[in-house]
Amino acid sequence: MRNKTIKIFLKYFFGPLLFVGLSFSIFQQIRHQPHLAQSWEQIKASFASVKIVYLFLACSLIFVNWGLESWKWKLLVSTVRPIGFWPAYKAVLSGVSFSVSLPNRVGEYIGRMMYQPEGGRLKTISLAIVGSVAQLLVTLFCGLISLVVLKKELLQLYPEAVIGYQFLVYGLLGATGLLAFAYFNVSAVVAFFSRWLSLHHLLYLVESLQKFNASFLARILLISSLRYVVFLLQYLAMFSLFGVAIAPGIAVSVMSVVFLALAVIPSIALVEVGLRGEVSLRLLGIFSANSLGIGLTSVTIWFINLIVPALLGTLFLLNVKLLSKNEETS
């Protein structure tokens, strides 16, 4: 009962309150932007120019993004039972629908499980975790590299954080190394805990992971890396549309740190848009005074990457049913 009360408080009170606070902070930073009216006029002009192609590019990459995730999910689930790309795609988007209202995208597991037959749904949780760990590894590695690249700028902005910066970098290095070791040795990890899991009758939940070898896991990691590149391309496209003049290399480094922050800070979808905007403004603000363009980029990316797929996933959920034998292999 106590845990339920805490969850209700976090979801319906603290979450919205934090969202309001972050939104107000973003509003204040945009309101005090130099030449705000000029920036707004430039953005409106972009929508009436050939730059509008950047918006179409970012939107088209939605399908590439979730297509890669569906491909990854298909490969993972196929180690347990055959599944076609289209059922995998529907399962992934349905998971996005659930993740909108649950912390740190945990709803994705629920949505994906609904497309599995009874008796095999729980087995897919461990598969989803492996896929999430692969994406997290890419995010940690790229974020770590970017923190090193941006060291000078970050410490100029926060000179009092020199010691904290060292702890952060070395801590991330250690965490990334340990996670990578566990990821590429997942079968050994399962074997190590197999006796304990057997005693609790839970071994069947992870037994499929014992089949994973380094080649298969590297393939999953490659797909996760491609998704990461898609995210970056979307941001670069939106920066071009909204007139955020930052060198591509710097933009990639800054956004990698933003992705890192979003990966390690617990949040729900409503708070994430404010958190994404706040962190982006703090970091990108070092290199660009166009707070309006940065804020609009954050909101646009959040909307097209999360809300649009969630709406599509909701349509799939209206007709969700257990996959027939024909659907599974289509």
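Residues are classed here by relative accessible area, with buried meaning under 20%, exposed over 50% and partly exposed in between (1.4 Å probe, protein chains only). The structure is a predicted model, in which local features need pLDDT of at least 70 and side-chain atom pairs count only at pLDDT 80 or more, whereas totals for chains, interfaces and linings use all residues. Residues are numbered from 1 along each chain as its sequence is written, and side-chain values use heavy atoms, with hydrogens and water left out.

With a relative accessible area of 32%, L312 is therefore partly exposed, and this leucine lies in helix 13, helices being DSSP runs of H or I of at least four residues, numbered from the N terminus. Together with F63, L315 and L318, L312 makes a nonpolar surface patch of about 420 Å², to which helix 13 (residues 291-318) gives the most, with 3 residues. Such patches are made of residues with over 30% relative accessible area and no salt bridge, nonpolar side chains (Val, Leu, Ile, Met, Phe, Trp, Tyr) being joined within 5 Å; a salt bridge is a side-chain nitrogen of Lys or Arg within 4 Å of a carboxyl oxygen of Asp or Glu.

The structure also holds 8 aromatic pairs, for which ring centres of Phe, Tyr and Trp (its six-membered ring) must lie within 6.5 Å, with planes under 30 degrees apart counted as stacked, over 60 as edge-to-face and the rest as tilted. In one of these pairs, the ring centres of Y228 and F259 are 5.4 Å apart and the planes stand at 85 degrees, so the arrangement is edge-to-face. This pair links distant parts of the chain, since Y228 belongs to helix 10 (residues 214-241) and F259 to helix 11 (residues 248-264), 31 residues apart. Y228 is buried at a relative accessible area of 4%, and F259 is likewise buried, at 10%. F259 also forms an edge-to-face pair with F231, at 6.1 Å centre to centre and 65 degrees between the planes, and F231 counts as buried at 19% relative accessibility. Y228, F231 and F259 belong, with Y235 and F239, to one aromatic cluster.

In helix 3 (residues 52-77) is found K72, a lysine that is buried, with a relative accessible area of 1%. Leaving aside neighbours within four places in sequence, K72 is in contact (heavy atoms within 4.5 Å) with G131, Q135, I220, I223 and S224.

Note on methods. Patches are made of residues with over 30% relative accessible area and no salt bridge: like charges are joined within 9 Å, nonpolar side chains (Val, Leu, Ile, Met, Phe, Trp, Tyr) within 5 Å. Accessible areas come from the Shrake-Rupley method with a 1.4 Å probe; for residues, only the protein chains shown count as cover. Helices (H or I, at least four residues) and strands (E, at least two) are DSSP runs, numbered from the N terminus.
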